[in-house]
Amino acid sequence: MGLRFRKSLNLGKGFKLNLSKSGIGYSFGFKGFRIGKTAKGKNRKTISLPGTGLSYQTETKEDSSIVKDIVKKTTRDDKSIKDKTFDEIVEDVAESFTNNIK
């Protein structure tokens, strides 16, 4: 068994930022239903029955339009993602995510 790392940060209003050894993912939802993007770029949808431990999860390949939008947002103003603060990156990802679920 290999070493695993995962930390989930609740940013409020159903938005979570998920940190893992693979990278940064994010999700949006509420108890019983959640959609998001994994650190590896896959879309994930989860439906669960809270309190039972039962859930159903699907994963699909990345949606290039969402990924392109996030890349566009995180590199605006001719600023490389390397030059951005963590807060700026989180804002850009959250904005892209909410724009794509409308």
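A nonpolar surface patch is made of residues with over 30% relative accessible area and no salt bridge, their nonpolar side chains being joined within 5 Å. Keep that in mind for Exercise 4. The model you're looking at is predicted, and these exercises walk you through it.

**Exercise 1. Walk through the hairpins**

How many residues sit between the strands in the hairpin of S2 and S3, in that of S3 and S4, in that of S4 and S5 and in that of S5 and S6?

Solution. 
- Step 1: Start with S2 (residues 15-20) and S3 (residues 23-30), which share six bridges. Their hairpin has two residues between the strands. Along this pair, Phe 15 in S2 faces Phe 28 in S3, and Asn 18 has Gly 25 as its bridge partner.
- Step 2: Move on to S3 and S4 (residues 33-37), joined over five bridges. Here two residues lie between the strands, and Gly 32 takes a positive phi near 100°. Phe 30 has Phe 33 as its bridge partner.
- Step 3: S4 and S5 (residues 43-49) pair over five bridges. There are five residues between them, and Gly 41 in the turn has a positive phi of about 90°. Arg 34 stands opposite Thr 46.
- Step 4: Finish with S5 and S6, joined by seven bridges. Four residues come between these strands, and Gly 51 has a positive phi near 85°.

**Exercise 2. Sort residues by exposure**

Are Phe 30, Lys 37 and Val 90 buried or exposed?

Solution. 
- Step 1: Recall the cut-offs: buried means under 20% relative accessible area, and exposed means over 50%.
- Step 2: Phe 30 lies in strand S3. Its relative accessible area is 57%, so Phe 30 is exposed. Phe 30 also belongs to a nonpolar patch on the surface, together with Phe 33, Ile 47 and Tyr 56. Between them, these residues have about 460 Å² of accessible area.
- Step 3: Lys 37 is in strand S4. Its relative accessibility is 8%, so Lys 37 counts as buried. The C-alpha atoms of Lys 37 and Gly 25 are 5.5 Å apart, although 12 residues separate the two along the chain.
- Step 4: Val 90 sits in helix H2. With 15% relative accessibility, Val 90 counts as buried.

**Exercise 3. Find the core**

Which residues make up the largest nonpolar core, and which elements give two or more residues to this core?

Solution. 
- Step 1: List the members. They are Phe 15, Leu 17, Tyr 26, Val 90 and Val 93.
- Step 2: S2 and helix H2 (86-100) each give two or more residues.
- Step 3: Val 90 and Leu 17 are 73 residues apart along the chain, yet their C-alpha atoms are separated by 8.2 Å.

**Exercise 4. Track down the salt bridge**

Which residue forms a salt bridge with Arg 44, and where do the two partners sit?

Solution. 
- Step 1: There's one salt bridge to look for in the structure.
- Step 2: The partner of Arg 44 is Glu 59, and the closest N and O atoms are 2.3 Å apart.
- Step 3: Arg 44 is in strand S5 and Glu 59 in strand S6, 15 residues apart. The two also stand opposite each other in the sheet pairing.
- Step 4: Arg 44 has 32% relative accessibility, so it counts as partly exposed. Glu 59, at 37%, is partly exposed as well.

How values were computed: Residues numbered from 1 in each chain as written. Predicted model: local features only at pLDDT ≥ 70, side-chain atom pairs only at ≥ 80, totals over all residues. Heavy atoms only, no water. Pairing = 2+ DSSP bridges. Core = buried A, V, L, I, M, F, W, Y, C linked by side-chain atoms within 4.5 Å. Buried < 20%, exposed > 50% of the residue type's maximum accessible area, 1.4 Å probe, protein only. Patch = residues over 30% accessible without salt bridge, like charges linked within 9 Å, V, L, I, M, F, W, Y side chains within 5 Å. Areas by Shrake-Rupley, 256 points an atom, 1.4 Å probe, with all protein chains shown as cover. Salt bridge = Lys/Arg side-chain N within 4 Å of Asp/Glu carboxyl O.
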